[in-house]
Amino acid sequence: MTRPTARGASRTSADRLARLLNLVPYLLARPGIEIAEAAGDLGVTERQLREDLELLWVCGLPGYGPGDLIDMAFDGDRVTITYDAGIDRPLRLTPDEALALVVALRMLAETPGVANREAVERALAKIENAAGDLVGAPVEVRLPGETRRVRELRDAVERRRALRITYYTAARDESTERTIDPLRMLMVDGRAYVEAWCRRAEAVRLFRADRIDAVTELDEPAVVPPQARPHDLRDGVFRPTPDLPLITVRIGRGERWITEYYPCERVEDGDGDQWLVSLRVTDLGWARRFVLGLGPEVTVVAPAELADQVRAQAAAALEAYATPLGGAAESADPAVESVTQ
């Protein structure tokens, strides 16, 4: 049995919410419209539209009794909204709601990588104007992960300066010196990144701000080659491709969180509460450290090379704790075998 990832599920829910918010005013403006025509206009199948209409039956005002819920009338394959539960009325914000929006928009305006900051600032100005004295509330907006390093990188990106950085690459467990020409700052899953042309790799790379150990702004402008293209990050930073190594692990109930945190290619039921999980990795060195950090409920199924690496490193770790009496060494095998097979 293959399960969708949490990222895919949340994206589907968000798409449906946006569709439902648009659906009521659309139908109010077109009483008696055919379901097939509405589905075509909205870019969904008739089945999906009918499922959305069924969901609208239980949407409405607090109280959620008769007279509170959205109501519709069907005439064959035609639908008409007969009660909209006030969704067509202008929005009236309470002071707390207005303040929450002001804070959220201020944070969005400061988020690295926002494509249309002017639109955000225009919306913020309108709400601040409507909120009046409320905008003077002593509220400090600080982004998650906002650090001196992030501010330093953002300033360099805005000045379009080349940078020399010392960067830690977790996949290879090594630090390297690089000269980069920044393109933009990004915030993905709560982490700040600088996307830049890396002169060493001669390609566009993403560098996590918290893995940049040192940064020096050079006395030269950033020069990005015309062939450089920003990454498409709609599905996250890591985008597995068929050429990357595929690993398969058997996990217990306590480690199922990895199927929500990492993009998995296949998730299948195993014996009892166990799952068989297959995912692509950047390299087997990263996979070895990943497996060793998960605990005893994880067993490497494939590839054999990874199982051998995990077994060897686990044995070496246990040997380091061996006492002159050999007690730790004698108990090594069960622990090693718990993470490899």
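**Notebook: contacts, cores and backbone in a predicted model**

I began with Arg 200 and, setting aside neighbours within four places in sequence, found it in contact with Thr 176, Glu 177 and Arg 178. I note here that the model is a predicted one. I then looked up where Arg 200 sits: it is in the loop between β6 (191-198) and β7 (203-208). I also checked its distance to Ile 180, which is 20 residues away along the chain; the two C-alpha atoms are separated by 8.2 Å.

I looked up its phi and found a positive value of about 55 degrees, although Glu 202 is not a glycine. Is Glu 202 buried or exposed? I read a relative accessibility of 60%, so Glu 202 counts as exposed, the cut-off being over 50%.

**Arg 160 and the background to its phi**

I looked up Arg 160 next, in the loop between α6 (148-159) and β4. Its phi is near 55 degrees, which is positive in a residue other than glycine. I note for background that most residues other than glycine have a negative phi, and most peptide bonds are trans. Arg 160 is exposed, and I wrote down a relative accessible area of 62%.

**Arg 164**

I moved on to strand β4 (residues 161-169), where Arg 164 is found. Which residues does Arg 164 touch, not counting those up to four places away in sequence? I listed Glu 177, Arg 178, Thr 179, Ala 214, Val 215, Thr 216 and Leu 218. I also looked up Glu 217, which is 53 residues from Arg 164 in sequence, and found 6.5 Å between their C-alpha atoms. The relative accessible area of Arg 164 is 40%, and I recorded this residue as partly exposed.

**Helices α2 and α3**

I turned to helix α2 (residues 35-42) and helix α3 (residues 46-56), whose axes come within 9 Å and cross at roughly 100 degrees. The two helices are therefore roughly perpendicular to each other. I listed the residues that make the contact: α2 gives Ile 35, Ala 36, Ala 38, Ala 39 and Leu 42, and α3 gives Glu 46, Leu 49, Arg 50 and Leu 53.

Which residues of α2 are buried? I found Ile 35, Ala 38, Ala 39 and Leu 42. They cover an arc of only 100 degrees around the axis, so they lie on the same side of α2. After α2 comes Gly 43, and I read its phi as positive, near 75 degrees.

**Nonpolar cores**

I looked up the largest nonpolar core, which has 20 residues; Ile 247, Val 249, Ile 251, Val 277, Val 291 and Leu 306 touch the most other members. The elements that give two or more residues to this core are β9 (246-251), β10 (264-269), β11 (275-280), α8 (284-292), β12 (298-302) and α9 (304-320). I found the largest share, four residues, in α8. Another core, of 19 residues, lies apart from this one, and I noted Leu 23, Ile 33, Ala 38 and Val 79 among its members.

**Pro 303**

My last entry concerns the loop between β12 and α9, where Pro 303 is found. I checked the peptide bond from Ala 302 to Pro 303 and found it cis, with omega near 0 degrees.

Conventions: Residues numbered from 1 in each chain as written. Predicted model: local features only at pLDDT ≥ 70, side-chain atom pairs only at ≥ 80, totals over all residues. Heavy atoms only, no water. Axes fitted to C-alpha atoms, helices over the stretch in contact; angles between N-to-C directions. Parallel < 35°, antiparallel > 145°, perpendicular 65-115°, else oblique. Contact = heavy atoms within 4.5 Å. Buried < 20%, exposed > 50% of the residue type's maximum accessible area, 1.4 Å probe, protein only. Arc of directions from axis to C-beta. Core = buried A, V, L, I, M, F, W, Y, C linked by side-chain atoms within 4.5 Å.
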